[in-house]
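Grab a pencil and work through these exercises with the model in view. Each task comes with a solution that you can follow step by step.

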Amino acid sequence: MACKPVSIDHVNIYVRNAERSYRWYTEIFGFYTQDIFRFPGTDRMRAAFLSCDPGHAHDIALFEAGDEAPGPEKGSVGLNHVAWKMASLDDLKEMYQRLQDKDVPVRVSDHTVSLGIYFSDPDGNGLEVYYESPRSEWRRDTPFSGEGEKGRFPGPWDEALRRDAAAAAAAAKA
């Protein structure tokens with residue numbers, strides 16, 4: 001097949017309140033503001049276009065759906081989460097600390113080739129920040145299937161990983 005996409009480029013999500021979500025995403029991620037749409041004839045924000053890189057049009061667009069809009073439901077069809085790759089393990093550590101400082105509940109998962117920190121935005125949209133080892137350091141052919149060497153990403157999440165592993169083991173026995 002000669003014609004194929006270059007990459008996944010951006011995501012567009014509905015939020016209950018565009019202004020609130022805009023503040024949250026820029027505070028948590030430090031995104032650049034590329035554009036803002038207002039509701040016609042008002043100063044009220046309708047949508048925000050944000051990016052990781054000021055030279056890129058946008059990585060995420062936040063469109064207001066209204067305060068009464070239903071949120072995502074676990075187990076229903078739809079997007080599970082959106083992930084942002086961090087440049088280094090140190091950057092992931094800094095992001096983890098930022099989430100902790102803002103009291104954002106997180107779940108940490110060691111995927112053997114990567115470490116992911118999962119959380120939700122104020123509307124319940126699933127998000128992840130992660131660091132992935134270079135391919136030459138995977139020590140396996142496939143990234144997720146089969147057993148792998150965990151514990152290669154030490155950091156401030158070590159206690160959370162132990163707690164989550166113990167809870168998963170207990171649930172498997174039940």
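**Exercise 1. Which residues is D59 in contact with, leaving aside its neighbours within four places in sequence?**

Step 1. Contact here means heavy atoms within 4.5 Å. Once the neighbours within four places in sequence are set aside, the partners of D59 are D9, H10, V11, L50, S51, C52, D53 and W84.

Step 2. Now place the residue: D59 sits in the loop between β3 (45-51) and β4 (60-64). Helices (H or I, at least four residues) and strands (E, at least two) are DSSP runs, numbered from the N terminus.

Step 3. Before going on, know your model. It is a predicted one, where local features need pLDDT of at least 70 and side-chain atom pairs count only at pLDDT 80 or more, while totals for chains, interfaces and linings use all residues. Residues are numbered from 1 along each chain as its sequence is written, and side-chain values use heavy atoms, with hydrogens and water left out.

**Exercise 2. Find the side chain of opposite charge nearest to D59, and a backbone atom that its side chain meets.**

Step 1. Lys and Arg count as positive, Asp and Glu as negative; His and the chain ends are not counted. The nearest side chain of opposite charge is R98, 13 Å away.

Step 2. A salt bridge is a side-chain nitrogen of Lys or Arg within 4 Å of a carboxyl oxygen of Asp or Glu. D59 has none, even though D59 is buried. Buried means under 20% relative accessible area, exposed over 50%, and partly exposed in between (1.4 Å probe, protein chains only).

Step 3. Look at the backbone instead: the nitrogen of C52 is 2.6 Å from a polar atom of the D59 side chain.

**Exercise 3. How many salt bridges does the whole structure have, and which residues are linked with R16 and D123 in a network?**

Step 1. Searching the whole structure turns up nine salt bridges. Side chains of opposite charge can pair when their charged atoms come close.

Step 2. One of the nine joins D123 to R16, with the closest N and O atoms 3.1 Å apart. This pair links distant parts of the chain: D123 is in the loop between β7 (114-120) and β8 (126-132), R16 is in the loop between β1 (11-15) and α1 (18-29), and they are 107 residues apart.

Step 3. D123 is buried, at 7% relative accessible area.

**Exercise 4. How many helices and strands does the protein have, and in what order do they run?**

Step 1. Count them: three helices and eight strands.

Step 2. Read from the N terminus: β-α-β-β-β-β-α-β-β-β-α.

Step 3. Finish with burial: of the 174 residues, 37% count as buried.

Terms used: A polar contact is a pair of N or O atoms within 3.5 Å; within protein, one must be able to donate a hydrogen and the other to accept it, and residues adjacent in sequence count only if both atoms are side-chain atoms.
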